[in-house]
Structures are given as C-alpha cells and as structure tokens.
Amino acid sequence: ARALCARITYVGELGYELFIPSEHALYVYDAIVEAGAEIDLKHAGLRALGSLRMEKAYRDYGHDMDNTDRLVDVGLSFTCDFEKNGGFIGREAVLEHKEMARTEGGLKKRLAQ
C-alpha cells in the first residue's frame, strides 16, 4: 500500500505524520508499537497534544483565536514583516494597535499561554 510520511509537527518537537489507507492502519500501528518497545515508546493522546502545543505557544485557529482576534492580542505580530516592500493588507492597523498597547501600558486583552 502507498503511504505518505510528512516531517511536520504541531507541538514544536521532532515529529512525523503518517497518511496510510485505513485498511492498513492496524498493521502499521502494531508495527510501530513493536518497533518502539525497545526505546520505551509511549502513547500520547489528544490532551497531551494540546498541552504541548500550548507550551510551545502554537496557536490553534478556531480554538485559541479566530477572525475576531487581532494579531497583537494573540502574540503573533512577530510574524509580520513591517518593512516588506509594498507593505501588506492590514499593516497600518497592526502598527496602530502595537502603538496603542505601548502608549496605554499594555494590551486590553491577550491570549494567555
């Protein structure tokens, strides 16, 4: 069967995601568990994923933030290149919000990690 192994992570640690046909899932799972026994592989659930993600300050759109939140409030203004040639849509609003937070002594709302 064809499988796709993607070298990505949602929790900030080294990780992989496997995309396999569902009819082969049990076989692949058993093989991973067996191979992992010698290195003390542990199972981790969805709650662990959420906890690790928050620890790394990775945001989950729709859970931690949505389209009603401002970039500065959720701590993501570092992702903007304010010197980008030609700017970007919303640049002035983000800069205005950053300045307002600076002059007013902080943010009125903030995503707490």
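Colleague: What makes you say that Thr 9 touches Gly 15 and Tyr 58?

Modeller: Contact means heavy atoms within 4.5 Å. In this predicted model, Thr 9 meets that cut-off with Gly 15 and Tyr 58, leaving out residues up to four places away in sequence. Thr 9 itself sits in the loop between strand E1 (4–6) and strand E2 (17–19).

Colleague: And why is Thr 9 called partly exposed?

Modeller: Its relative accessibility is 34%. Buried means under 20% and exposed means over 50%, so Thr 9, at 34%, counts as partly exposed.

Colleague: How far is Thr 9 from Arg 53 in sequence and in space?

Modeller: They're 44 residues apart in sequence, and 9.5 Å apart in space, C-alpha to C-alpha.

Colleague: Over to His 97, then. Why does His 97 count as buried?

Modeller: Buried means under 20%, and His 97 comes in at 5% relative accessibility, so it counts as buried. His 97 is part of helix H3 (residues 91–103). Setting aside neighbours within four places in sequence, its contacts are Arg 70, Val 72, Asp 73 and Leu 107.

Colleague: What about the largest pocket: what is its volume?

Modeller: About 800 Å³. There are 22 lining residues, and Gly 15, Tyr 16, Glu 17, Leu 18 and Ala 44 are the closest to its centre.

Colleague: Which helix gives the most to the lining of the largest pocket?

Modeller: H2, with 4 residues. E2, helix H1 (25–36) and helix H2 (46–55) each supply at least two. By class, the lining has 15 nonpolar, 4 polar and 3 charged residues.

Technical notes. Residues numbered from 1 in each chain as written. Predicted model: local features only at pLDDT ≥ 70, side-chain atom pairs only at ≥ 80, totals over all residues. Heavy atoms only, no water. Buried < 20%, exposed > 50% of the residue type's maximum accessible area, 1.4 Å probe, protein only. 1 Å grid on protein atoms, 1.4 Å probe; cavity = no way out; pocket = protein on both sides within 12 Å on 5 of 7 lines; lining within 4 Å. Points joined across faces, edges and corners; volume = space filled by probe spheres on them. Nonpolar A, V, L, I, M, F, W, Y, C, P; charged D, E, K, R; others polar.
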